[in-house]
Amino acid sequence: MTGTAPAADTAGTGEAPTSFLEVRDLKIHFPTDDGLVKSVDGLSFQLERGRTLGIVGESGSGKSVTSLGILGLHNKRNANVSGEIWLNGKELVNASQTEVRRLRGRDMAMIFQDPLSAMHPFYTVGAQIIEAYRVHNDVSKQVARKHAIDMLGRVGIPKPDKRVDDYPHQFSGGMRQRAMIAMALSCDPELLIADEPTTALDVTVQAQILDLIRDLQQEFNSAVIMITHDLGVVAELSDDILVMYAGRCVEYASVGDAFHQPLHPYTWGLLGSMPRLDRERSERLMPIKGSPPSLINVPSGCAFHPRCPYKDLNGEKCWTERPELVEAEPGHKAACHLPQDKKRKIWTDEIRPKL
Amino acid sequence: MNKMRPIVVFAAGVVAASGLAACGGGDSGSSGSGPGYNAGVNAVVNKSDKKGGTLKFAHSDDWDSPDPGNTYYAFSQNFSRLYGRGLTTFKPGAGKESLEVVPDLAADLGTSSDGGKTWTYKLRTGVKYDDGGTVTSKDVKYAVERSNFTKEMQLGPKYFKQYLVDNKPAYKGPYEDKNDEGLKSIETPDDQTIVFHLKEPFAEFDYLVAMSQTIPVPKAKDTGTKYESAIVSSGPYKVDNYTRGKSMSLSRNPNWNQSTDPIRKALPDKIEVQLKQNADDIDQRLLAGTLDMDAAGVGVQSGTQPKVLAADQKPYVDNPVQGFLRFMSLNVNVKPLDNVHCRIAVQYATDKVAAQTAYGGPLAGGDLATTVLPPSVDGYTKFDLYPQKQASGGGLDEATLAKAKQELQACGQPNGFTTKISARSDRPKEVAMAQAIQQSLAKVGIKVNIVQFPAGDYFNKYVGVPKYVHDHGIGMMIMAWAADWPTGYGFLAQIVHGDAIKPSGGNNLAELNDPTVNKALNDAIANTDKAARTKAYGEIDKLVMGTAAEVPLVYAKALMYRPKRVTNAGITYAYGGMYDYLNMGVE
Amino acid sequence: MFAYIIRRLIGAVLMLLLVSLVTFGIFFWLPKLAGQTTDQIAASYVGKAPTAEAIQDTKERLGLDKPVVVQYGSYLKAIVVGKDYKAGPVTDHCPAPCLGYSFRSSQPVLETLLDRAPATASLALGAAVFWLIGGIVTGVVSALRRGSLWDRAAMIIALSGVSLPIYFTGLVSLALFSYTLKIFPGGGSYKPITEDPVMWFQSLVLPWVTLAFLYAAMYARLTRAGMLETMNEDYIRTARAKGLSETTVVTKHALRASLTPILTIFGLDLGLLLGGAVLTESTFGIPGLGQLAISSINSGDLPMVLGVTLITSVSIVGINLIVDLLYAIVDPRVRLG
Amino acid sequence: MAAPIEVTGSDTEAQPEAVLAGVDGKKIQGRSLGQIAWMRLKRDKVALTGALVVIVLILIAIFGPFFTQNPLTYHQNLIDPTYNRPKTGFWHSGISGDHWLGVEPGTGRDMLARIVHGARISLLVSFLATLVSVVIGTVMGIIAGYFGGWVDYTISRAMDAFLAFPLLLFAIALVGVVSDGAFGFSGNGLRIGVLVMVIGFFNWPYIGRIIRGQTLSLREREFVDAARSMGARNSYVLFKEVLPNLVAPILVYSTLLIPTNILFEAALSFLGVGVIPPTPSWGGMLTLAVPIYSSDPMYMIIPGMAIFITVLAFNLFGDGLRDALDPRAK
């Protein structure tokens with residue numbers, strides 16, 4: 001099994017892994033007035049260059065916190081980060097701020113959800129790309145500018161030599177996201193994290209942007225983490241899928257497995273709430289009941305149990321014991337107490353027909 | 001009298017700190033080196049004839065106007081003699097001698113005829129303006145006309161208009177009336193002679209022409225209200241520059257001739273005045289020796305008082321009387337003060353020591369007063385119709401309060417009464433005085449509420465307007481008074497004569513209109529016998545105090561500082577106890 | 001842009017009309033409303049001998065005999081076309097914009113204002129430099145070290161700064177630095193920069209610092225709040241994600257964005273101050289517009305009061321216009337229109 | 001004048017995904033705003049100190065005058081006639097067992113009594129003036145924010161115009177113009193009334209702007225929409241839906257306006273248009289201290305510190321209150 005996988009076997013050893021990116025038992029906790037918020041609580045996975053990992057989950061499941069954690073963007077004063085993040089053989093959690101900063105933008109870059117608020121309103125798009133390029137490359141302004149225009153052209157912005165001097169608010173939403181991508185890719189990063197890159201965009205533009213990311217990934221051969229709550233996007237782009245719930249990974253699978261034989265009731269729920277045009281209206285959506293759990297008082301046992309329609313099938317286990325993430329099938333892991341055959345049965349009999 | 005600065009204080013006899021000083025103060029012993037404490041009160045200190053240097057003045061405010069025809073301030077009258085020569089002036093010097101009127105532009109004092117109704121002066125010859133023109137008697141006539149009869153010149157006194165015979169129809173002043181003849185009652189038979197015709201006999205006209213309004217102004221150079229910045233000088237200095245609110249600088253007038261001027265020494269080469277300076281800072285600079293004189297001449301600030309009374313500075317300090325009476329008028333038309341017994345009750349119950357302390361104590365405030373005429377005015381007689389005693393712990397003693405209560409009983413107000421007391425809002429010490437009086441009157445049940453008015457409108461709009469006073473029931477009014485012209489008549493006539501009750505801007509705040517007092521004053525001014533006049537003033541004072549309409553509080557005093565390097569420093573009583581600027585120089 | 005400025009200028013003129021109208025109302029009309037007759041009003045300006053004749057003359061000379069509306073009209077007319085004033089034997093022409101002559105000293109108002117303006121401008125601009133530097137540096141450091149001892153101390157000191165009456169701080173600083181330690185000259189020692197630059201500077205140090213202390217406190221709090229907000233912005237995260245150093249993030253990205261709202265407030269503050277810092281000027285004896293205003297109010301010198309009010313409004317309106325133009329330069333999203 | 005600035009494209013300002021997203025929403029809603037605020041406030045020691053001082057000051061202002069000496073009684077025997085200042089005590093302050101804060105130069109009146117009585121005036125005027133400002137400001141702010149359009153434009157321009165006026169000068173002039181006996185009142189009753197109206201009237205735009213902003217955002221909120229869509233009258237929506245939600249900001253900004261008004265009152269007194277003597281006022285005491293501060297600094301320090309402590313206490317408390325009720329406004 002190459003590609004991506006939760007790295008349970010080597011977790012906590014402190015030894016450099018062989019994979020390009022490896023996250024081991026990552027915990028990101030925020031102490032607040034109301035208690036400790038466990039946004040990410042023991043997350044592990046691996047990712048190789050050229051591959052794409054989709055992280056899905058509802059808002060507040062810890063997706064974005066994870067991505068910011070990898071980039072080292074959490075403020076040490078209000079966030080407790082533990083575990084290990086290995087990028088290209090370098091451990092980042094315990095590395096110095098300066099070291100991580102040097103990697104940011106050069107080795108790993110990020111595309112944010114809302115390109116309007118993510119770009120500085122007072123500087124031209126060009127200036128912001130130039131700045132990103134010159135932090136890591138000792139070149140003159142002219143050279144950097146040429147590079148910026150080049151990058152804008154490559155992400156498909158027409159007349160890049162003119163648009164380079166425009167301000168973000170003068171761009172349309174899609175163009176702005178392209179510019180954002182140009183900025184992220186300006187230093188040819190090996191790891192690209194895209195945090196809901198298309199959420200703020202029109203549907204037509206969404207597809208273009210996703211195409212663009214795919215094309216560029218192939219061109220740069222970078223590893224991509226695609227964070228989204230939109231399973232459609234994941235299906236389009238990812239090789240593997242990591243489903244997060246309450247700061248933990250509940251299911252990990254290849255795209256095919258995740259869509260065709262998912263093992264976790266939460267994943268079923270996500271799939272059920274995906275709109276599909278080829279179904280009857282009345283049975284189109286099966287939203288997950290209830291609301292996301294508190295990250296301060298995470299429900300006992302399985303964090304999903306208060307919302308899980310199958311919790312009674314397992315006696316008390318679901319609310320007394322936390323299910324571990326186990327490899328149910330090769331390359332397919334899930335954290336659920338339901339026996340494997342029962343899962344299969346429920347999926348085939350109850351869920352699938354309704355999707 | 002908005003500004004209550006004395007122009008002239010007349011005192012033929014009594015000078016200096018009187019024996020009335022109630023507590024402390026007034027010691028004349030000198031300590032340390034230097035000329036000594038109070039040395040400048042009776043004699044000119046640091047006499048010198050050394051010419052040269054720059055004499056530096058500073059003022060915390062500004063002139064009303066330096067135009068000699070449009071000014072009222074005492075310091076202005078004193079200072080204007082540096083760039084102008086009136087018909088007469090006061091003898092440069094200290095103490096007693098400063099009250100002597102001497103001829104200046106005129107060759108001699110005036111000669112009167114017609115029983116004191118006509119006064120004639122002969123001008124000196126060869127007196128020139130700084131532009132080289134010759135001074136003539138017509139210029140003096142013109143100066144009097146413009147200062148007294150035009151609408152534009154509003155700031156100075158109007159005594160000439162009041163006493164000179166008017167044209168028929170009334171003379172409108174040279175700006176409107178272009179007739180060359182001008183005011184017919186001033187004649188200029190030749191360029192050296194000027195004759196004044198008065199309505200009534202006026203025995204002391206020499207004092208009146210000592211005012212800066214007789215400083216000649218050449219008609220061709222008169223620019224009206226703008227003349228203040230283009231003054232033509234007839235004195236030893238010319239005005240190089242006057243910028244309102246900033247400064248004035250004087251330098252020698254090349255056309256001034258010592259031979260025509262026996263009284264001036266003209267010592268410094270330059271004289272500078274900085275205006276609108278911080279008052280405390282002026283004191284600091286005086287003490288540091290970087291400034292020569294506080295032009296205002298009203299004494300150091302309260303904050304500086306401890307410093308100048310320290311042993312090392314005390315020899316450079318004078319503590320003269322300033323010719324003011326600070327007093328409280330009781331309006332005889334406001335109930336229940338229309339009853340003399342109620343007024344007498346107030347006379348007894350007003351704690352003058354508290355008022356004195358509130359105004360700054362015996363040194364900076366003044367001596368306790370019992371008469372209307374201050375001790376430095378000719379005619380002053382020491383008497384006390386309503387004697388007070390202090391209790392040991394402060395405040396009036398029981399006997400004094402008992403007398404007050406007795407008078408209240410007689411007035412039909414045994415439990416006291418309620419009225420208002422006025423003070424000028426922008427004079428904190430006066431307000432403090434009002435509070436002290438309010439507090440002491442409360443002890444006999446007289447409840448007074450303090451009302452405050454801005455000084456600028458005090459007489460013209462408020463307490464000088466009888467209707468306003470009656471309508472608002474203001475029974476007591478604090479004010480200060482100094483003579484505008486140098487006789488007991490001048491001091492008393494404006495505040496106690498019935499004629500001084502005016503619909504607006506009057507100074508007879510008590511509205512005292514006592515036929516006996518009026519007649520006594522009228523008789524006195526017509527009397528050419530100086531000794532008889534002097535005696536009469538003292539008696540009039542007693543008459544006034546008998547009405548109990550005026551409550552004298554303090555005879556004002558001030559702590560004056562004369563820096564070491566200033567020469568010919570002496571207190572002139574002619575201008576209200578400030579230093580005489582005429583012959584001042586620097587070492 | 002051009003049209004915008006024109007429109008703003010028209011707005012400014014309307015604003016000035018409003019201000020002058022209100023001032024006129026308060027000073028000329030309200031006294032009448034409070035029951036004063038024109039004779040009583042004129043009695044203030046008549047001098048030492050307020051005879052009926054003199055009061056009549058004064059009324060005519062100052063135009064007080066006319067209805068307030070007419071007075072206002074001729075005031076406006078004088079601003080537009082100037083006015084002739086009779087100064088006795090000569091006639092003085094007051095060219096447009098003529099703000100009239102003082103009721104007290106007969107000085108042309110505009111001349112007096114222009115004469116006083118440099119002192120006030122020296123005070124206001126100097127203090128502004130101090131408070132901007134002090135306030136912004138303190139605010140930025142506090143925001144970056146939010147919750148630290150420095151932050152708490154700075155914010156309490158800032159609150160103290162706004163809690164102190166300026167005349168008290170002024171007096172204390174004078175007592176301490178000028179009269180006790182004798183480091184700086186005392187009050188009232190202001191000299192124009194053209195006359196004595198050294199003294200100008202020395203005499204203004206205390207007023208600058210005192211005034212700046214008051215404002216710096218406010219600006220430190222504003223800057224801190226602005227920085228805290230900006231530091232949470234997405235584009236700051238982006239800047240960090242690009243690998244920029246923290247210094248660059250703070251100075252280039254965060255500070256610029258958080259200072260722009262402060263610009264508006266700064267414009268308002270400076271505009272008001274340029275019209276005269278009444279309390280500071282009277283405490284330190286600086287012969288500026290504020291002192292002029294107070295003494296004019298106390299002496300009822302209405303044309304002078306009107307003049308100061310107008311010049312204050314002109315400076316507020318003018319500086320706001322400049323600030324808005326600057327704003328458009330600083331923030332490209334802002335469109336003038 | 002307010003710039004008709006338009007910021008293009010900023011209306012889409014998306015909230016960054018909050019770090020705390022996922023904190024149980026229900027739990028926080030379960031506690032009332034007041035409870036949360038109180039919880040936060042309890043932890044803010046500085047604000048609590050401020051609140052404590054404020055309470056003590058209010059108690060002093062109400063009850064203090066019954067315990068002090070008569071502030072008008074002269075103690076002439078304590079004054080040195082030569083220097084016109086207290087004979088004894090630190091820095092000639094006259095501080096003694098009988099007069100804890102010394103006595104006034106020139107009169108010997110007890111400073112403690114004057115400060116305590118001054119507190120009463122200072123707090124009375126500033127509280128009432130704040131009330132006036134809050135009433136006018138709230139009414140105008142709500143009207144402007146709720147109705148929008150030309151109403152909002154007019155009121156907003158009026159608020160801007162107020163900011164372009166030299167208010168201190170106008171206040172001085174207005175206090176001066178109202179002569180004794182106007183409106184059938186006289187003496188200090190009238191003067192306090194005038195001070196309250198003038199200070200209150202000139203400060204309303206400060207509150208007005210904040211209330212307008214809050215109302216604007218409230219207007220867009222669902223419950224207001226809901227009420228309106230159900231056909232509720234404007235007055236109903238304003239009083240039952242909008243106003244209750246403005247209580248917090250009104251409370252905070254009233255607390256912060258009080259110290260401003262204390263300073264305003266003191267400044268007016270300092271410039272000689274405060275309460276009429278002999279009623280003591282802090283600003284008035286400072287006026288009298290000006291000519292003598294270099295020789296008798298205590299007389300300047302005591303009223304100055306009284307103003308400072310009072311204003312600071314209100315500011316600290318108000319600041320803490322704001323943080324507690326609206327942490328985002330920090």
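Because the model is predicted, local features are reported only at pLDDT of at least 70 and side-chain atom pairs only at pLDDT 80 or more, whereas totals for chains, interfaces and linings use all residues. Residues are numbered from 1 along each chain as its sequence is written, and chains are lettered from A and ligands numbered from 1 in the order in which they are written.

Chain A has 13 helices and 12 strands, where helices (H or I, at least four residues) and strands (E, at least two) are DSSP runs numbered from the N terminus. The radius of gyration of chain A, taken over C-alpha atoms, is 21 Å, close to the 20 Å that the globule rule gives for 355 residues, so chain A is as compact as a globular protein of that length; the rule itself is 2.2 Å times the number of residues to the power 0.38. The C-alpha trace of chain A spans about 70 × 50 × 45 Å along its principal axes. Of the 355 residues in chain A, 51% are buried, a residue being buried if 20 or more other C-beta atoms, placed from the backbone, lie within 10 Å of its own, exposed if 12 or fewer do, and partly exposed in between.

In chain D, the secondary structure comes to 11 helices and 3 strands, which follow one another from the N terminus as β-α-α-α-β-β-α-α-α-α-α-α-α-α. Of the 330 residues of chain D, 51% count as buried.

Leaving aside residues up to four places away in sequence, M433(B) touches A355(B), A358(B), Y359(B), A423(B), I478(B) and L553(B), contact requiring C-beta atoms, placed from the backbone, within 7 Å.

Between chains D and C, the contact takes 46 residues from each chain. On the side of chain D, the largest share, 10 residues, comes from α11(D), and the residues of this side divide into 36 nonpolar, 7 polar and 3 charged; Ala, Val, Leu, Ile, Met, Phe, Trp, Tyr, Cys and Pro count as nonpolar, Asp, Glu, Lys and Arg as charged, and the others, Gly among them, as polar. Elsewhere, 32 residues of chain B are in contact with 27 residues of chain C, and the side of chain B holds 6 nonpolar, 14 polar and 12 charged residues.

Methods: Contact = placed C-beta atoms within 7 Å.
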